[in-house]
Amino acid sequence: MHDGFDTHQLWPYECLRCWHVWEARYTVRRLDDGHGHPVEVWLSNGVPVQPPWAGACCPGCGAFHVTSFPPGYLSRHPELVSAPEPAPVPAPAPVEPLPAATPVPAMRPRRLLLGLGVPVLLIAGYELYRVVFAVAHTN
């Protein structure tokens, strides 16, 4: 490849899933392939990447359902840019610990089993009695 030149572009994106708006900076290296055909190489942080229109990923939610705006669009429409993250809230003052409470006894599983099991057994026994009684009277 022969000599070329680099340009820098700022591409605005919007996620169609979480509506996050952001910009990504690209370097476009335009070269000649030696046969008279122009070639574009897209770089992000010096690493070759796909062109911006070929499948961006949302940094907020990871979705690939992303749309891009024309370069410079967000500079003309600042209302679309998300507000900056708020400053971190200072830690609250230490709070005195509460006095130790008396422990509440935990409900034992056997009580629950007894409370649910006995009625189920009674109903099942009654139904079994009805079936056996009905068979005995039909013979």
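## Aromatic cluster

Ring pairs join Trp-11, Tyr-26, Trp-42 and Trp-53 into a cluster. Rings of Phe, Tyr and Trp (its six-membered ring) pair if their centres lie within 6.5 Å; planes under 30 degrees apart are stacked, over 60 edge-to-face, the rest tilted. The model is predicted: local features need pLDDT of at least 70, side-chain atom pairs count only at pLDDT 80 or more, and totals for chains, interfaces and linings use all residues. Residues are numbered from 1 along each chain as its sequence is written, and side-chain values use heavy atoms, with hydrogens and water left out.

## Ring pairs

The ring rule gives five aromatic pairs. One of them, Trp-11 with Trp-42, is edge-to-face, at 6.2 Å centre to centre and 80° between the planes. Trp-11 sits in strand β1 (residues 5–15) and Trp-42 in strand β3 (residues 38–44), so this pair ties together parts 31 residues apart in sequence. Strands (E, at least two residues) and helices (H or I, at least four) are DSSP runs, numbered from the N terminus.

Trp-11 is buried at 10% relative accessible area. Trp-42 is buried too, at 4%. Here buried means under 20% relative accessible area, exposed over 50%, and partly exposed in between (1.4 Å probe, protein chains only). Tyr-13 and Trp-22 are stacked, because their ring centres are 5.3 Å apart and their planes meet at 25°. Tyr-13 has a relative accessible area of 2% and is buried. Trp-22, at 13%, is also buried.

## Nonpolar core

Which residues make up the largest nonpolar core? It has 11: Trp-11, Tyr-13, Cys-15, Trp-22, Ala-24, Tyr-26, Val-28, Trp-42, Ala-56, Cys-58 and Ala-63. β2 gives the most, with four. A nonpolar core is a set of buried Ala, Val, Leu, Ile, Met, Phe, Trp, Tyr and Cys residues joined through side-chain atoms within 4.5 Å.

Cys-15 belongs to this core. Neighbours within four places in sequence aside, Cys-15 contacts His-20, Trp-22, Cys-58, Cys-61, Ala-63, His-65 and Val-66. Contact means heavy atoms within 4.5 Å.

## Surface patch

Leu-114, Val-118 and Leu-122 make a nonpolar surface patch of about 310 Å². Patch residues have over 30% relative accessible area and no salt bridge; like charges are joined within 9 Å, nonpolar side chains (Val, Leu, Ile, Met, Phe, Trp, Tyr) within 5 Å. A salt bridge is a side-chain nitrogen of Lys or Arg within 4 Å of a carboxyl oxygen of Asp or Glu. Areas come from the Shrake-Rupley method with a 1.4 Å probe; for residues, only the protein chains shown count as cover.

Leu-114 lies in helix α2 (residues 109–138). Leu-114 is exposed, at 59% relative accessible area.
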